[in-house]
Amino acid sequence: MADSRIFMRCTQQQGSFDSLAMLCKCAIMFGRIHDRLFSTFLTHSRCRCAAPFHTGNHNPGRRKVNLNCRTSRLRVARWPGIAWLALALGTAVAASAQSRPAIGPYVQNVGKRNATICWATVSGEVTVSSSELTNAPFREYQMHTVPLRGLKPATTYTYTVTGDAGEDGRCTFTTVPEGEHAFTFTVISDTQNRGNAAHRPLIEQIRASQPDLLFNVGDLVADGRNLGDWEEFFRVEGELLRNVPLYAVLGNHDRAAALYFQFFVLPGNERYYSFNRGTTHFVVLDSPGPYAPEDNQAITPAARARFQEQREQYWREQIQWLQDDLAGHPDAKYIFVFLHHPLYSVKRERVKASRALCDRFGGLFQAHAVTAVFSGHDHHYHHAVAGGVHFVDGGAAGGKARPIEDHHPETVKSASVESFMRVEVGLNETKVWITDVAGNTVDEFVLMPRQAAAPTSP
């Protein structure tokens, strides 16, 4: 196996050895743990795969991913504990890879004492030519995920993956502080792939603003089953994601594809999940839900009926989970919810579907005094307020902006723009700005801390 290394350095620590005896002792300890970890890895390489309805399953072996007119593979290696050892010893730790990073590195799921470093290397490539293609590359990737444990809160860490050619090859992330604190997050949606006319300039603005975390509320790519779309996604967002953790939300174009779950390390079951930062509670929902079997598979009517039953059960489970989650955080100062489809659509052909979604979730959001709900899908900006809850459709960040076709009594403002949202969570109030591709402010408003509600049945 070819050699690659990941180096970790903490800005609050310096690794040093005051004596040869200490150096030898650490070397012996490292050797024992190294042998145990590497012997385990060589017999238990694990692949993070997407099951039909429940994700986050970690199945051993390689997963073969069919991508329309081509077949590609994405293998995933996990290295628990190794980066923690590098921090403790202040030294370099070897991790296997077959070449320099082709995607990443990038940081995921940053907490008070943990984070995950991800990257992918090319393990094979074939070029294909025809009357319509000229040396088109089709690649096989090896995916690497390194969970970091034993970190310190409110600490900036620098990490390096050997062979990384991006910028100076060094990346940083900062762990979450203890207790209540001010922080900033940004929200984008529908990045997809459209020649980067809006995607790249918006990402550059976000990089300049230096948020603490980033949410993409769905349709990250045009087709989640297409590896080429993900390659383009990381080409545009790669430098930002080196230092800022992305929390992804499933959209209809992402299709709950295996590649989505292999690239991202998210909390919970990874389809819908929640987490806290300070006194703020974040909730991510799966509004598309499970997808029916592909049309090119031989599916019987009975199998389709079973799928529909499973789909309804999935929705019941997600709604029950949401109700329990919201009820379990009555003292949160702010509650922010993220899902792909809007509950108040101003695209005429989607109004009916948005009302159905509002019937499904709207009562829960109001009953539990949710602060704001961020969505995408319609490719324009729309801000509505209902029952004290702000519903914000943030505009496309790559997909082409669409016209405003309708309004609701709840509508506050709307605009046909490609944009992103910046949210500054303060100790006394939260400020929201919507900014377009040219850097102009489309809208801005203030959110006040919530008053704990006494939840009632919606």
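Predicted model: local features only at pLDDT ≥ 70, side-chain atom pairs only at ≥ 80, totals over all residues.
The secondary structure of the protein chain consists of seven helices and 24 strands. The chain has 458 residues, and 52% of them are buried. Its accessible surface amounts to about 19900 Å², and carbon and sulfur atoms account for 49% of that surface. Contacts between residues at least 6 apart in sequence were also examined; of these, 69% join residues that are at least 24 apart.

Helix 3 spans residues 199–209. Its buried residues are His199, Leu202, Ile203 and Ile206. When the helix is viewed down its axis, these buried residues fall within an arc of 100 degrees, so they line one face of helix 3. Just after helix 3, Gln210 adopts a positive phi of about 55 degrees.

Some details of the backbone were considered next. Most residues other than glycine have a negative phi, and most peptide bonds are trans. Against this background, several places in the chain stand apart.

Asp190 has a phi near 50 degrees, which is a positive value in a residue other than glycine. Asp190 is located in the loop between strand 12 and helix 3. Is Asp190 buried or exposed? With a relative accessible area of 0%, Asp190 is buried.

A positive phi is also found at Ala256, where the value is near 45 degrees and the residue is again other than glycine. Ala256 belongs to the loop between strand 14 (246–248) and helix 5 (258–263). The relative accessibility of Ala256 is 17%. Residues under 20% are classed as buried, so Ala256 counts as buried.

The peptide bond from Gly104 to Pro105 is cis, and its omega is near 10 degrees. Pro105 is part of strand 7, which covers residues 101–108.

Definitions and conventions: Residues numbered from 1 in each chain as written. Heavy atoms only, no water. Helix = DSSP H or I, 4+ residues; strand = E, 2+ residues; numbered from the N terminus. Buried < 20%, exposed > 50% of the residue type's maximum accessible area, 1.4 Å probe, protein only. Contact = heavy atoms within 4.5 Å. Areas by Shrake-Rupley, 256 points an atom, 1.4 Å probe, with all protein chains shown as cover. Arc of directions from axis to C-beta.
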